[in-house]
2 protein chains.
Amino acid sequence: MTYCVGMAIDKGLVLMSDTRTNSGVDNISVFKKMHSWSTPGDRIITVMTAGNLATTQAVISQLEERTKAPEDRQNSLMELPTMFQVAVETGKLLRETITQTQQDNGTRGKGRFTASIILAGQIKGMQPRLFMIYPEGNFIEASFDTPFFQIGETKYGRPIILRGYDRTMSFEDAVKLLMVSFDSTLKANLSVGLPLDLMVIERDGFEATHEKRIEQTDPYFSAISDSWSEALRNAFHSLPDYSFYQASKTT
Amino acid sequence: MTYCVGMAIDKGLVLMSDTRTNSGVDNISVFKKMHSWSTPGDRIITVMTAGNLATTQAVISQLEERTKAPEDRQNSLMELPTMFQVAVETGKLLRETITQTQQDNGTRGKGRFTASIILAGQIKGMQPRLFMIYPEGNFIEASFDTPFFQIGETKYGRPIILRGYDRTMSFEDAVKLLMVSFDSTLKANLSVGLPLDLMVIERDGFEATHEKRIEQTDPYFSAISDSWSEALRNAFHSLPDYSFYQASKTT
């Protein structure tokens, strides 16, 4: 499994991914799921992946190859004029990679090798944008109503984002929110694991404003994990108490 | 979908279930998923169900029939000597109902019509016990390490139970905890819906100490739902702040 979140706030984009991949619980490894390309001053494009690792690595490698020799290649991430077109190209690559592997495996391949992608970035002269790309190659874009996307093990960490998100929040608060969301997920699903990758992209910065790998020993993540238990308990006790008597009165 | 939780605490058992059933989002109904039988002074047995509604209703009807004419019927819930044997019989009924419907439908029935059950109760002279029964008819029992079971849409509401649960908590706190867990789930999954059914079974009470249907208009549930957003935000802001500077130092 995997857990990745991409969040759009007024100040820019905040992205976080775990790094655990597993093929059975007895075969886990650390693989980077966040990949970024930038031309400072012109554009930054970051991709997070969930799903079949061979599929996602193939897609990333092809995106990477295109950026390395842009003069030879059409549709390089670094040449496309808009984030929309970057999403179209990435979606096409994803769909083709999945379809090809499925076909190569005949009936055994049916329904397998799928993956999905969160794409975030900004190109000069345009807004920061955030997309979720489906295995079918089509995609949706974050909006005022739905300003964040999750892929992988999305459920455990969702309630806190729904409650804590605020468009006007600071980057520091956004990072804190994602850390809490990841901590809840890590506690509940063994197949999501540390280290985490964090990237903050400030609006009109066109490069990673802040980038960090959060390791097992990270003191801030440990502090969040410890104090969140305590804070939740306090929050819980601050709620009005249930009363059997009142409750029966209202029945 | 469905969401049901059964929780064992020192004082007894606390059970909550939603009542929404759906066959597509355009076909939702209210059905009771919590069913209880008791002989005050001797035993109380409560069952919560998730899964195919025809399956779960068939199981409940058969359990019900057996209790209505216990002199004619073996294996009535009201006659079995232990909760373990109640779990065995309920599991057997569940498995047989599923298998029969699957067989009746040939290949079209494969993998369908499944359901699972949370069984809770106490029989005089023994401890309160809590079981989760699988579609295969086998089951597990709650223990000191895993003192609660969830069925249906379990993920959204799990983190708060993991953090908030305390064996020594009062019934009032346990109800509050379940309300928060259900509120998080209701907010995230449309197929879990109000009203909720609540039952509290005090140890050695052998009847429902407290039973309530929590409707859309329930003032306590509304208060919890509103104040939990506020309390969570406060909890969130009480956490140590992330600092880009410290973060880079620790990299």
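Sorted by class, the residues lining the second largest pocket come out as four nonpolar, nine polar and two charged. This pocket belongs to a predicted model, and its volume is about 250 Å³. Of the 15 residues in its lining, B:Thr21, B:Asn22, B:Ser23, B:Gly51 and B:Leu53 sit closest to the centre. Three elements of chain B, namely β3 (20-22), β6 (43-51) and α1 (53-68), each give two or more residues to that lining.

Next comes the largest pocket, which holds about 320 Å³ of space. Its lining is made up of 18 residues, and the ones closest to the centre are A:Thr21, A:Asn22, A:Gly51, A:Asn52 and A:Leu53. Here the elements come from chain A: β3 (20-22), β6 (43-51) and α1 (53-68) each supply at least two lining residues. Split by class, the lining of the largest pocket has twelve polar residues, along with four nonpolar and two charged ones.

In soluble globular proteins, nonpolar side chains tend to end up buried together. In this model, the largest nonpolar core counts 74 residues. Those with the most contacts inside this core are A:Ile161 and A:Trp228 from chain A, plus B:Ile161 and B:Trp228 from chain B.

Setting aside neighbours within four places in sequence, A:Trp228 touches A:Ile160, A:Val180, A:Asp183 and A:Ser184 in chain A.

How values were computed. Residues are numbered from 1 along each chain as its sequence is written. Chains are lettered from A and ligands numbered from 1 in the order in which they are written. This is a predicted model: local features need pLDDT of at least 70, side-chain atom pairs count only at pLDDT 80 or more; totals for chains, interfaces and linings use all residues. Side-chain values use heavy atoms; hydrogens and water are left out. A nonpolar core is a set of buried Ala, Val, Leu, Ile, Met, Phe, Trp, Tyr and Cys residues joined through side-chain atoms within 4.5 Å. Buried means under 20% relative accessible area, exposed over 50%, partly exposed in between (1.4 Å probe, protein chains only). Contact means heavy atoms within 4.5 Å. On a 1 Å grid over the protein atoms alone, a cavity is a set of points where a 1.4 Å probe fits but cannot get out, and a pocket is an open set with protein on both sides within 12 Å along at least five of seven lines; lining residues have an atom within 4 Å of a point. Grid points are joined across faces, edges and corners, and a volume is the space filled by probe spheres set on the points. Helices (H or I, at least four residues) and strands (E, at least two) are DSSP runs, numbered from the N terminus. Ala, Val, Leu, Ile, Met, Phe, Trp, Tyr, Cys and Pro count as nonpolar, Asp, Glu, Lys and Arg as charged, and the others, Gly among them, as polar.
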